[in-house]
Amino acid sequence: MKFAVVFAAVLAVAVAVPVEEKDAHIVQYQNDNQGIDGYNFQYGTSNGIQRTEQAQLKRFADDINALVIRGSYSYVGADGQTYTVNYIADENGFQPEAAHIPRA
């Protein structure tokens with residue numbers, strides 16, 4: 001019984017130790033390339049970074065097509081808080097939104 005308690009305590013400490021940036025690795029990845037019509041992907045890393053992005057071809061005029069991209073990324077800051085940025089990139093440029101980004 002003592003062994004189980006000690007083992008559980010050691011395991012809890014090992015799991016709680018943050019992963020060094022240089023030791024981070026991909027723990028989840030999905031990718032769906034739809035050719036010229038768009039794409040979507042997402043991934044996560046062992047140090048808490050998450051990213052997702054979708055793109056869709058949009059017709060702006062008879063001879064003007066472009067990808068409209070929507071996505072987000074999250075990371076754990078030095079203060080231990082998770083920060084998330086949502087964005088869109090379209091005919092109006094790159095437009096990020098997040099609670100920690102100052103607004104104009």
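## Contacts around Ser72

A contact means heavy atoms within 4.5 Å. In this predicted model, Ser72 touches Gln50, Arg51, Thr52, Val85, Asn86 and Tyr87, leaving aside residues up to four places away in sequence. Ser72 sits in strand 4. Helices (H or I, at least four residues) and strands (E, at least two) are DSSP runs, numbered from the N terminus.

Is Ser72 buried or exposed? Ser72 counts as buried, at 16% relative accessibility. Buried means under 20% relative accessible area, exposed over 50%, and partly exposed in between (1.4 Å probe, protein chains only).

## How the model is read

Residues are numbered from 1 along each chain as its sequence is written, and side-chain values use heavy atoms, with hydrogens and water left out. Because the model is predicted, local features need pLDDT of at least 70 and side-chain atom pairs count only at pLDDT 80 or more, while totals for chains, interfaces and linings use all residues.

## The whole chain

The protein chain has one helix and six strands. Along the sequence, their pattern is α-β-β-β-β-β-β. The protein chain has 104 residues, and 17% of them count as buried.

Take the contacts between residues at least 6 apart in sequence. In the protein chain, 15% of these join residues at least 24 apart. The accessible surface of the protein chain comes to about 8,000 Å². Carbon and sulfur atoms hold 57% of that surface. Accessible areas come from the Shrake-Rupley method with a 1.4 Å probe; for residues, only the protein chains shown count as cover.

## Aromatic pairs

Rings of Phe, Tyr and Trp (its six-membered ring) pair if their centres lie within 6.5 Å. Planes under 30 degrees apart count as stacked, over 60 as edge-to-face, and the rest as tilted. How many aromatic pairs does this rule give? The count comes to five.

One of them is stacked: Phe41 and Tyr43 lie 6.3 Å centre to centre, with 5° between the planes. Phe41 counts as buried, at 16% relative accessibility. Tyr43 is partly exposed, with a relative accessible area of 22%. Ring pairs also link Tyr39, Phe41 and Tyr43 into a cluster.

## A pair between two strands

Tyr73 and Tyr87 form a tilted pair, 6.4 Å centre to centre, with 45° between the planes. Tyr73 lies in strand 4 (residues 64–76) and Tyr87 in strand 5 (residues 82–90), so the pair ties together parts 14 residues apart in sequence. Tyr73 is partly exposed, with a relative accessible area of 32%. Tyr87 counts as buried, at 9% relative accessibility. Tyr87 is also among the residues that Ser72 touches.
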